[in-house]
Amino acid sequence: MSLPLLEQLIDAFRILPGVGQKTAQRMAYHVLEREREGAQKLAEVLAKAIERIGHCTQCRDFSETEVCAVCANSSRERAQLCVVESPADRLAIESATGFRGVYYVLQGRLSPLDGIGPRELGLDALGTRMQQGEVQELIIATSATVEGEATAHYLAQLARAHNVRPSRLAQGLPLGGELEYVDRGTLSHAFGTRTEAT
């Protein structure tokens, strides 16, 4: 016996990250009470996106075409390859920095307990790309979690095996931050990885 349509709608909203039963219920009621037209548009765009958006064959970022706009841009510096965990990380770097290199999107990070290994992250394709000799620096921009650090270590070894210089994003104190308000882990890491003052 199938669930009533309202319960199916509530369950459908629960696939979103951070959305539990109560939030999904509020969303479903809001859509039905006040946003039927907006919900219809959302459904149409969502269906199109699922059908048309795939992954770039070069960097694994989301793309409607075989090669995304960044990879297709001939003015990008191909000697610098920045590895990120997700498309959201790529977008953050692209919008906040002047980076003119190219990217490789892992779509995750190494997590053996979850069954995510090098093959799931496309590291064989990344190795092949470095082997071609165009990449001179692999900029590792993974998160500072245990899995992110393990992934960074693996990437650095992979880069060295292909005679590519690995570099890691600096991590530590936020710009304009007061030391007394910085958490202990961040402060300890910043202190341990300090560099010579200029």
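**Pockets, cores and a buried arginine**

The second largest pocket holds about 180 Å³ of space. Please note that this is a predicted model. Which residues line this second largest pocket? They are Thr57, Gln58, Cys59, Arg60, Arg78, Tyr104, Ala125, Thr128, Arg129, Gln132, Glu134 and Val135. By class, the lining of the second largest pocket divides into four nonpolar, four polar and four charged residues. Helix 6, residues 123-131, gives the most to this lining, with three residues.

I turn now to the largest pocket. Its space is about 390 Å³, and 14 residues line it. Nearest the centre of the largest pocket lie Leu9, Phe13, Ala39, Leu42 and Leu46. How does the lining of the largest pocket divide by residue class, and what does it comprise? Twelve of its residues are nonpolar, one is polar and one is charged. Helix 1 (5-13), helix 2 (21-34) and helix 3 (36-52) each supply at least two residues of the lining, and helix 3 gives the most, with seven.

As general background, nonpolar side chains in soluble globular proteins tend to be buried together. In this model, the largest nonpolar core has 19 residues, and Leu126, Met130, Leu138 and Leu155 touch the most other members. At least two residues of this core come from each of strand 3 (77-84), strand 4 (101-105), helix 6, strand 5 (137-141) and helix 7 (146-161). Helix 7 provides the largest share of this core, five residues.

Finally, I draw your attention to Arg76, in the loop between helix 4 (69-72) and strand 3. Is Arg76 buried or exposed? Arg76 counts as buried because its relative accessible area is 5%, under the 20% limit. A polar atom of the Arg76 side chain lies 3.4 Å from the backbone oxygen of Phe99. For the backbone oxygen of Arg100, the distance to a polar atom of that side chain is likewise 3.4 Å. Leaving aside neighbours within four places in sequence, Arg76 is in contact with Val70, Glu94, Phe99, Arg100, Gly101, Val102 and Tyr103.

Methods:
Residues numbered from 1 in each chain as written. Predicted model: local features only at pLDDT ≥ 70, side-chain atom pairs only at ≥ 80, totals over all residues. Heavy atoms only, no water. 1 Å grid on protein atoms, 1.4 Å probe; cavity = no way out; pocket = protein on both sides within 12 Å on 5 of 7 lines; lining within 4 Å. Points joined across faces, edges and corners; volume = space filled by probe spheres on them. Helix = DSSP H or I, 4+ residues; strand = E, 2+ residues; numbered from the N terminus. Nonpolar A, V, L, I, M, F, W, Y, C, P; charged D, E, K, R; others polar. Core = buried A, V, L, I, M, F, W, Y, C linked by side-chain atoms within 4.5 Å. Buried < 20%, exposed > 50% of the residue type's maximum accessible area, 1.4 Å probe, protein only. Polar contact = N/O pair within 3.5 Å; in protein donor to acceptor, adjacent residues only side chain to side chain. Contact = heavy atoms within 4.5 Å.
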